[in-house]
Amino acid sequence: MENAISAFLVHLGDRNRAPLTIRRYGEELGRFARFVQEELHKQGTGIENAGKALVVLYVREGAGRASCAAPSTRNARLAALRAFYRFLVAEGRLEGDPTRDVVFAAEPHRAPTFLTACEFARRPQAVREGE
(Lines give C-alpha, C1' and ligand atoms only; values in the text may rest on other atoms or scores of the structure.)
Protein backbone atom coordinates (compact mmCIF):
# COMPACT_ATOMS: atom_id res chain seq x y z
CA MET A 1 0.00 0.00 0.00
CA GLU A 2 2.80 2.43 0.81
CA ASN A 3 4.24 1.75 -2.64
CA ALA A 4 0.95 2.76 -4.25
CA ILE A 5 0.82 5.96 -2.20
CA SER A 6 4.44 6.78 -3.05
CA ALA A 7 3.79 6.15 -6.76
CA PHE A 8 0.74 8.40 -6.61
CA LEU A 9 2.68 11.23 -4.96
CA VAL A 10 5.39 10.95 -7.62
CA HIS A 11 2.63 11.06 -10.24
CA LEU A 12 1.30 14.28 -8.72
CA GLY A 13 4.78 15.78 -8.84
CA ASP A 14 5.15 14.76 -12.47
CA ARG A 15 1.88 16.56 -13.18
CA ASN A 16 3.27 19.75 -11.58
CA ARG A 17 0.90 19.79 -8.64
CA ALA A 18 1.75 22.22 -5.86
CA PRO A 19 4.14 20.88 -3.20
CA LEU A 20 1.57 21.69 -0.50
CA THR A 21 -1.08 19.66 -2.35
CA ILE A 22 1.28 16.70 -2.63
CA ARG A 23 2.16 16.91 1.07
CA ARG A 24 -1.47 17.22 2.17
CA TYR A 25 -2.61 14.35 -0.06
CA GLY A 26 0.22 12.20 1.31
CA GLU A 27 -0.74 12.98 4.90
CA GLU A 28 -4.41 12.30 4.19
CA LEU A 29 -3.67 8.99 2.48
CA GLY A 30 -1.43 7.95 5.37
CA ARG A 31 -4.23 8.64 7.85
CA PHE A 32 -6.68 6.75 5.65
CA ALA A 33 -4.32 3.76 5.40
CA ARG A 34 -4.06 3.57 9.20
CA PHE A 35 -7.84 3.96 9.48
CA VAL A 36 -8.43 1.05 7.08
CA GLN A 37 -6.02 -1.18 9.01
CA GLU A 38 -7.73 -0.36 12.30
CA GLU A 39 -11.24 -0.81 10.94
CA LEU A 40 -10.48 -4.12 9.24
CA HIS A 41 -8.36 -5.27 12.23
CA LYS A 42 -5.58 -6.48 9.96
CA GLN A 43 -1.99 -5.32 9.86
CA GLY A 44 -0.79 -4.84 6.29
CA THR A 45 -4.32 -4.44 4.93
CA GLY A 46 -4.21 -2.20 1.89
CA ILE A 47 -6.36 0.70 0.85
CA GLU A 48 -7.49 -1.48 -2.05
CA ASN A 49 -9.54 -3.47 0.50
CA ALA A 50 -11.62 -0.43 1.44
CA GLY A 51 -15.14 -0.38 0.08
CA LYS A 52 -17.51 2.52 -0.35
CA ALA A 53 -18.88 2.20 3.21
CA LEU A 54 -15.41 2.53 4.71
CA VAL A 55 -14.60 5.49 2.46
CA VAL A 56 -17.81 7.27 3.48
CA LEU A 57 -17.13 6.58 7.17
CA TYR A 58 -13.62 8.03 6.91
CA VAL A 59 -14.68 11.05 4.88
CA ARG A 60 -17.47 11.84 7.33
CA GLU A 61 -15.72 11.15 10.63
CA GLY A 62 -12.00 10.84 9.92
CA ALA A 63 -9.67 8.78 12.04
CA GLY A 64 -10.70 10.54 15.26
CA ARG A 65 -14.33 9.44 15.23
CA ALA A 66 -15.17 12.26 17.65
CA SER A 67 -17.79 14.00 15.55
CA CYS A 68 -18.82 14.81 12.03
CA ALA A 69 -16.26 17.02 10.29
CA ALA A 70 -17.01 20.33 8.57
CA PRO A 71 -18.04 20.14 4.89
CA SER A 72 -14.73 21.66 3.74
CA THR A 73 -12.77 19.02 5.68
CA ARG A 74 -14.92 16.20 4.30
CA ASN A 75 -14.45 17.54 0.77
CA ALA A 76 -10.67 17.75 1.19
CA ARG A 77 -10.58 14.14 2.38
CA LEU A 78 -12.75 12.98 -0.50
CA ALA A 79 -10.70 14.92 -3.07
CA ALA A 80 -7.49 13.19 -1.94
CA LEU A 81 -9.09 9.74 -1.89
CA ARG A 82 -10.84 10.22 -5.23
CA ALA A 83 -7.65 11.35 -6.97
CA PHE A 84 -5.76 8.40 -5.48
CA TYR A 85 -8.35 5.79 -6.46
CA ARG A 86 -8.65 7.20 -9.97
CA PHE A 87 -4.88 6.86 -10.27
CA LEU A 88 -5.01 3.24 -9.10
CA VAL A 89 -7.75 2.40 -11.61
CA ALA A 90 -5.92 4.16 -14.46
CA GLU A 91 -2.73 2.27 -13.61
CA GLY A 92 -4.58 -1.04 -13.59
CA ARG A 93 -3.84 -1.65 -9.91
CA LEU A 94 -7.52 -1.67 -8.97
CA GLU A 95 -10.66 -2.63 -10.88
CA GLY A 96 -13.21 -0.36 -9.23
CA ASP A 97 -13.22 3.04 -7.59
CA PRO A 98 -15.04 3.04 -4.22
CA THR A 99 -15.21 6.86 -4.28
CA ARG A 100 -17.05 7.00 -7.61
CA ASP A 101 -20.55 7.41 -6.18
CA VAL A 102 -19.59 9.36 -3.06
CA VAL A 103 -20.84 12.94 -3.36
CA PHE A 104 -19.06 16.01 -2.09
CA ALA A 105 -20.64 17.78 0.89
CA ALA A 106 -22.55 20.97 0.23
CA GLU A 107 -20.68 23.92 1.67
CA PRO A 108 -22.59 26.89 3.06
CA HIS A 109 -22.56 30.00 0.93
CA ARG A 110 -20.57 32.74 2.58
CA ALA A 111 -21.19 36.34 1.71
CA PRO A 112 -18.06 38.24 0.69
CA THR A 113 -16.62 40.67 3.20
CA PHE A 114 -15.48 44.14 2.26
CA LEU A 115 -13.21 46.72 3.81
CA THR A 116 -14.89 49.75 5.26
CA ALA A 117 -13.86 53.15 3.87
CA CYS A 118 -11.79 53.74 7.00
CA GLU A 119 -10.02 50.35 6.70
CA PHE A 120 -9.36 50.96 3.02
CA ALA A 121 -7.82 54.37 3.75
CA ARG A 122 -5.60 52.83 6.45
CA ARG A 123 -3.97 50.25 4.11
CA PRO A 124 -0.85 52.31 3.20
CA GLN A 125 -0.17 53.05 6.87
CA ALA A 126 -0.59 49.35 7.79
CA VAL A 127 1.96 48.37 5.13
CA ARG A 128 4.48 50.91 6.42
CA GLU A 129 3.97 49.68 10.00
CA GLY A 130 4.30 46.03 8.98
CA GLU A 131 0.89 44.92 10.23
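Glu27 is partly exposed, because its relative accessibility is 36%. Here buried means under 20% relative accessible area, exposed means over 50%, and partly exposed lies in between (1.4 Å probe, protein chains only). This is a predicted model: local features need pLDDT of at least 70, side-chain atom pairs count only at pLDDT 80 or more, and totals for chains, interfaces and linings use all residues. Residues are numbered from 1 along each chain as its sequence is written, and side-chain values use heavy atoms, with hydrogens and water left out.

Which residue does Glu27 meet in a salt bridge? The partner is Arg23, at 3.5 Å from N to O. A salt bridge is a side-chain nitrogen of Lys or Arg within 4 Å of a carboxyl oxygen of Asp or Glu. Arg23 is partly exposed, at 49% relative accessibility. Both residues lie in helix H2 (residues 19-40), four residues apart, about one turn of the helix. Helices (H or I, at least four residues) and strands (E, at least two) are DSSP runs, numbered from the N terminus. An α-helix has 3.6 residues a turn, so residues three or four places apart point the same way.

## Other salt bridges

The whole structure holds four salt bridges. Side chains of opposite charge can pair when their charged atoms come close. Glu61 pairs with Arg60, with 3.6 Å between the closest N and O atoms. Glu61 is partly exposed at 22%. Arg60 is partly exposed at 36%.

Asp101 and Arg100 also form a salt bridge, at 3.6 Å from N to O. Asp101 is partly exposed, with a relative accessible area of 48%. Arg100 counts as exposed, because its relative accessibility is 62%.

## The largest pocket

How much space lies in the largest pocket? The volume is about 170 Å³. The search uses a 1 Å grid over the protein atoms alone. A pocket is an open set of points where a 1.4 Å probe fits, with protein on both sides within 12 Å along at least five of seven lines. Lining residues have an atom within 4 Å of a point. Points are joined across faces, edges and corners, and the volume is the space filled by probe spheres set on them.

Helix H1 (2-14), H2 and helix H4 (71-90) each supply at least two lining residues. H4 gives the largest share, four residues. The lining includes Phe8, His11, Tyr25 and Phe87. By type, six lining residues are nonpolar, two polar and four charged. Ala, Val, Leu, Ile, Met, Phe, Trp, Tyr, Cys and Pro count as nonpolar, Asp, Glu, Lys and Arg as charged, and the others, Gly among them, as polar.

## A loop residue

Asn16 sits in the loop between H1 and H2. Its phi is positive, about 60°, although Asn16 is not a glycine. Is Asn16 buried or exposed? Asn16 is exposed, because its relative accessibility is 69%.

## A bent helix

Helix H5 (residues 117-129) has 13 residues. From first C-alpha to last, H5 reaches 19 Å, close to the 18 Å expected at 1.5 Å a residue. That expected span is 1.5 Å times one less than the number of residues.

Where does H5 bend? The bend is at Arg123, by about 45°, and a proline, Pro124, follows within four residues. The bend is the angle between axes fitted to the seven residues ending at a residue and the seven starting there. Just after H5, Gly130 takes a positive phi of about 75°.
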